[in-house]
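The following exercises concern one protein chain. Each task is followed by a solution in steps.

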Amino acid sequence: MASLSLNLAHSFRNFSLRATADSSNGAAFPTSKSGGPVILEIPLDKIRRPLMRTRANDPKKVEELMDSIREIGLQEPIDVLEVDGVYYGFSGCHRYEAHQRLGFPTIRCKIRRGTKETLRHHLR
């Protein structure tokens with residue numbers, strides 16, 4: 001069974017995620033029991049947003065999300081692609097900005113592992 005160790009300093013500057021291989025499936029990345037994505041809290045500053053310059057968020061939608069997140073918390077994690085230990089976010093732009101503006105250090109993410117080719121596909 002895979003083990004997961006997550007060490008977060010109070011400042012979130014020292015972020016590390018470590019997974020050990022499972023002898024039954026050889027996975028080097030934590031997976032759920034079904035083998036799908038894992039949901040973790042990731043520091044905002046560890047998520048690269050390569051499309052941020054090309055897309056604008058709807059300010060009203062961000063404000064509404066901020067109100068909702070303050071009241072009931074984030075209901076749907078953002079999707080994050082992990083490639084060689086680096087996290088890339090291509091969706092969840094409004095939720096990400098709402099967390100930034102609220103001053104939250106982390107955001108709940110559904111992490112999917114991918115290859116450099118997968119990353120290139122997302123960047124097209």
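Of the 124 residues of the protein chain, 35% count as buried, where buried means under 20% relative accessible area, exposed over 50% and partly exposed in between (1.4 Å probe, protein chains only). The model is predicted, so local features need pLDDT of at least 70 and side-chain atom pairs pLDDT 80 or more, while totals for chains, interfaces and linings use all residues. Residues are numbered from 1 along each chain as its sequence is written, and side-chain values use heavy atoms, without hydrogens and water.

**Exercise 1.** Describe how helix α1 crosses helix α2, and identify the residues that make the contact.

*Solution.* Step 1: the axes of α1 (residues 59-72) and α2 (residues 93-102) come within 9 Å and cross at roughly 65°. Axes are lines fitted to C-alpha atoms, for helices over the stretch in contact, with angles from 0 to 180 degrees between N-to-C directions.
Step 1: α1 is therefore roughly perpendicular to α2, a class that spans 65 to 115 degrees (under 35 is roughly parallel, over 145 roughly antiparallel, the rest oblique).
Step 2: on the α1 side, the contact (heavy atoms within 4.5 Å) involves K61, V62, E63, L65, M66, I69 and R70; α2 contributes H94, R95, E97, A98, H99, R101 and L102.
Step 3: by type, these residues comprise six nonpolar, two polar and six charged. Here Ala, Val, Leu, Ile, Met, Phe, Trp, Tyr, Cys and Pro are nonpolar, Asp, Glu, Lys and Arg charged, and the others, Gly among them, polar.

**Exercise 2.** Which residues of α2 are buried, and against which elements do they pack?

*Solution.* The buried residues of α2 are H94, R95, Y96, A98, H99 and L102. They pack against β4 (47-48), α1, β5 (78-83) and β7. After α2 comes G103, with a positive phi near 80°.

**Exercise 3.** Is T106 buried or exposed, and is D84 buried or exposed?

*Solution.* T106, found in strand β7 (residues 106-113), is buried, with a relative accessible area of 14%. D84, in the loop between β5 and β6 (86-89), is exposed at 58%. Although D84 is not a glycine, its phi is positive, about 50°.

Note on methods: Helix = DSSP H or I, 4+ residues; strand = E, 2+ residues; numbered from the N terminus.
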